Amino acid sequence: MVWPCPLTVDAYVAAGREVEFPRPDCPACAGPMMFWSGYRRHVRAAGRCRKIFVPRLRCAPCRVSHALLPAFTLAWRLDVAETVGMVIAEVAGGARGARPAAARAGVPYTTARGWVRRFAGRAPELGVAFAALAVELGGQVIGPAADAGGFALAAVGAAFAAAACLPGWPAVGAWRFASSVSGGRLIAARSQSRRPAPAATHNRGHHQDLPERERPTLPTHVQIAQPLTPAQPQVNVCIGCAPSDSEAPSSNGPPGT
Ligand SMILES: [Zn+2]
């Protein structure tokens, strides 16, 4: 799950476990969840790697836990959403190529190229989903463009422009918004998990290793009217904690496991 955290990375790091984390209800049963341990994971912002604390929430009846990622992260990505978004916007928007965009962002070229490719691969569906979200929020109607990447980019912009009329969202920013409403999966693999999904977890219902059919890939099923309260965007996904980028902090399960 991703919450629309408005804090800077520095402020988030400084606050540690004292961040005022929201406590959303269980996405599966809508019951209350309890904070349940957490883990640390790396985040790179402005060329600097930091370690952040990511709490977990657990639903007792469902017997599953959910990581609660701040919106400046993207699932399994080391770099913050703003960095990823800036590179994508520059390349998909045609301002510069992936190599200069990577240099400007201070990230490896191959990393930036990977983001751009993934975004391009998902651009048609992202464009449709964000365009629909923009309309749902009373925003501008964006029609498909000849260039899928440009369309997706415009749709993200239109959806955020509409969301920015709602309380809380302007401070979050466009790319954190995009991370929030996509459950952190803006540029996640569409059709396959990067991690093995233990079969055992499927029988327990909702879990971080969701069966394919439960993995939302479109951001339109979310409610984003109350961004900064415990009533979080309803993102029916538990973001795992095994970034595919070079450093991969593993998740700590609940105490004793
Ligand atoms: Zn539940």
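Two residues are in contact here if their C-beta atoms, placed from the backbone, lie within 7 Å. Keep that in mind for this predicted model, where Thr83, Met86, Val87, Glu90 and Val91 in helix α2 meet Ala98, Ala101, Ala102 and Ala105 in helix α3. Here's a quick tour, from the whole chain down to a few single residues.

**The chain as a whole**

- You're looking at a protein chain with seven helices and five strands.
- Going along the sequence, the pattern reads β-α-β-β-β-β-α-α-α-α-α-α.
- The chain has 257 residues, and 45% of them count as buried.
- Take the contacts with a separation of 6 or more: 65% of them come from residues 24 or more positions apart.

**The sheet**

- There's an open sheet made of three strands, in the order β2-β3-β4, with antiparallel pairing.
- The edges belong to β2 (34-45) and β4 (64-67); each has a single partner strand, so one side of each is left without a neighbour in the sheet.
- On average, neighbouring strands of this sheet are turned by 25 degrees against each other, direction ignored.
- Between β2 and β3 (residues 48-59), which run antiparallel, there are 10 bridges.
- β2 and β3 also form a hairpin, with two residues between them.
- In the turn of that hairpin sits Ala46, with a positive phi of about 50 degrees.

**Helix α2 against helix α3**

- The axes of α2 and α3 (residues 98-105) are 9 Å apart, and the two helices pack at an angle of about 150 degrees.
- Angles over 145 degrees count as roughly antiparallel, and α2 and α3 are therefore roughly antiparallel to each other.
- Where α2 passes α3, the crossing is right-handed.
- Sort the residues of the contact of α2 with α3 by class and you get seven nonpolar, one polar and one charged.

**Helix α2 against helix α4**

- The crossing of α2 and α4 is right-handed.
- On the α2 side, the contact is made by Val84, Val87, Ile88, Val91 and Ala92; α4 brings Ala112, Trp115, Val116 and Phe119.
- By class, the contact of α2 with α4 has nine nonpolar residues, with no polar and no charged ones.
- Val87 turns up in the contact with α3 and in the contact with α4, and so does Val91.

**Helix α6, a covered one**

- Helix α6 (residues 174-181) is mostly covered, with eight of its eight residues buried.
- Those buried residues are Ala174, Trp175, Arg176, Phe177, Ala178, Ser179, Ser180 and Val181.
- What do they pack against?
- After α6 comes Gly183, with a positive phi near 65 degrees.

**Glu90, a buried charged residue**

- Glu90 is found in helix α2, and it is among the α2 residues that meet α3.
- Is Glu90 buried or exposed? Glu90 has 21 other C-beta atoms within 10 Å, so it counts as buried.
- Setting aside neighbours within four places in sequence, Glu90 is in contact with Ala95, Arg96 and Ala101.
- Glu90 and Ala102 are 12 residues apart in sequence; in space, C-alpha to C-alpha, they are 9.8 Å apart.

**Two loop residues with positive phi**

- Arg63 is a residue other than glycine with a positive phi, near 60 degrees.
- Look for Arg63 in the loop between β3 and β4.
- Arg63 counts as exposed because it has 12 C-beta neighbours inside 10 Å.
- Trp76 also isn't glycine, and its phi is positive, near 65 degrees.
- You'll find Trp76 in the loop between β5 (69-70) and α2.
- Trp76 is buried, with 21 other C-beta atoms within 10 Å.

Notes
Residues numbered from 1 in each chain as written. Predicted model: local features only at pLDDT ≥ 70, side-chain atom pairs only at ≥ 80, totals over all residues. Buried ≥ 20, exposed ≤ 12 C-beta atoms within 10 Å, placed from the backbone. Helix = DSSP H or I, 4+ residues; strand = E, 2+ residues; numbered from the N terminus. Pairing = 2+ DSSP bridges. Axes fitted to C-alpha atoms, helices over the stretch in contact; angles between N-to-C directions. Parallel < 35°, antiparallel > 145°, perpendicular 65-115°, else oblique. Left-handed = near helix turned anticlockwise from the far one by under 90°. Nonpolar A, V, L, I, M, F, W, Y, C, P; charged D, E, K, R; others polar.
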